[in-house]
Amino acid sequence: IVYSSEEPSGGDSDDIRYVTMTADGDPTGFFVVSDSNDSEDGISADVALNGVCPQVVWQERGADGDGEWDAYFRGAAPVDAGCVWSPSVRISAPGSIGGNFRPRVATVGSDAIVVWRRKITSSSDQRVMARWVIGGSASGAELHISDDPAHTFALDPVVTMDGDTAIIVF
């Protein structure tokens with residue numbers, strides 16, 4: 001389970017948290033994925049497993065100081081009997097105006113693909129974006145999956161893998 005949790009002190013920041021539990025609902029592990037002390041929010045989280053370890057994405061505003069929403073990734077790799085978390089990585093390109101929303105993740109082996117919606121200038125100017133994460137780092141340039149600016153509704157993409165082929169629906 002991955003979710004956003006408002007600061008207990010009643011502050012404005014939200015953290016992204018990852019919890020494991022048994023089929024009976026008993027918690028077995030807890031980890032703060034994103035500690036949003038330096039930004040306003042961490043919301044819209046998603047999780048996929050690369051075998052046994054979680055790969056988590058979320059959107060966060062203000063983490064880089066520009067006040068825009070960006071998409072982030074943080075994954076874990078298997079080590080001995082557990083998982084070791086890598087540092088969080090911004091997936092959306094710096095300086096993207098308008099914001100990046102609702103990231104979703106799918107895995108293939110130890111790699112992941114992240115998809116999200118980018119609002120360019122208004123609700124009628126949106127794009128679907130994607131980016132590969134290889135070895136815990138954003139790989140290559142962002143991929144523009146949809147360049148049709150005529151949409152007047154939210155393009156919230158989802159992604160799954162079929163072998164090494166990413167299937168993106170929006």
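A salt bridge is a side-chain nitrogen of Lys or Arg within 4 Å of a carboxyl oxygen of Asp or Glu. The legends below apply this term to a predicted model.

Figure 1. Read from the N terminus, the order of elements is β-β-β-β-β-β-β-β-β-β-β-β-β-β. Of the 170 residues in the protein, 44% are buried. Among contacts between residues at least 6 apart in sequence, 41% join residues at least 24 apart.

**Figure 2. Close-up of the salt bridge between Arg 118 and Glu 142**. The closest N and O atoms of Arg 118 and Glu 142 are 2.6 Å apart, within the 4 Å cut-off for a salt bridge. Arg 118 belongs to strand 10 and Glu 142 to strand 12, and the pair links parts of the chain 24 residues apart. Both Arg 118 and Glu 142 are buried.

**Figure 3. Close-up of the salt bridge between Arg 102 and Asp 156**. Here the closest N and O atoms lie 3.8 Å apart. Arg 102 is in strand 9 (residues 100-108), while Asp 156 is in the loop between strand 12 (137-146) and strand 13 (158-162), so the pair ties together parts that are 54 residues apart in sequence. Arg 102 has a relative accessibility of 34% and therefore counts as partly exposed. Asp 156, at 32% relative accessibility, also counts as partly exposed.

**Figure 4. Close-up of the salt bridge between Arg 117 and Asp 156**. The closest N and O atoms in this pair are 2.8 Å apart. Arg 117 sits in strand 10 (residues 111-119) and Asp 156 in the loop between strand 12 and strand 13, so that the pair links distant parts of the chain, 39 residues apart. Arg 117 counts as buried because its relative accessibility is 13%, under the 20% limit. Asp 156, by contrast, counts as partly exposed.

**Figure 5. Close-up of the network of Arg 102, Arg 117 and Asp 156**. Side chains of opposite charge can pair when their charged atoms come close. Asp 156 forms a salt bridge with Arg 102 and another with Arg 117. Through shared partners, these salt bridges join Arg 102, Arg 117 and Asp 156 into one network.

Key. Residues are numbered from 1 along each chain as its sequence is written. This is a predicted model: local features need pLDDT of at least 70, side-chain atom pairs count only at pLDDT 80 or more; totals for chains, interfaces and linings use all residues. Side-chain values use heavy atoms; hydrogens and water are left out. Helices (H or I, at least four residues) and strands (E, at least two) are DSSP runs, numbered from the N terminus. Buried means under 20% relative accessible area, exposed over 50%, partly exposed in between (1.4 Å probe, protein chains only). Contact means heavy atoms within 4.5 Å.
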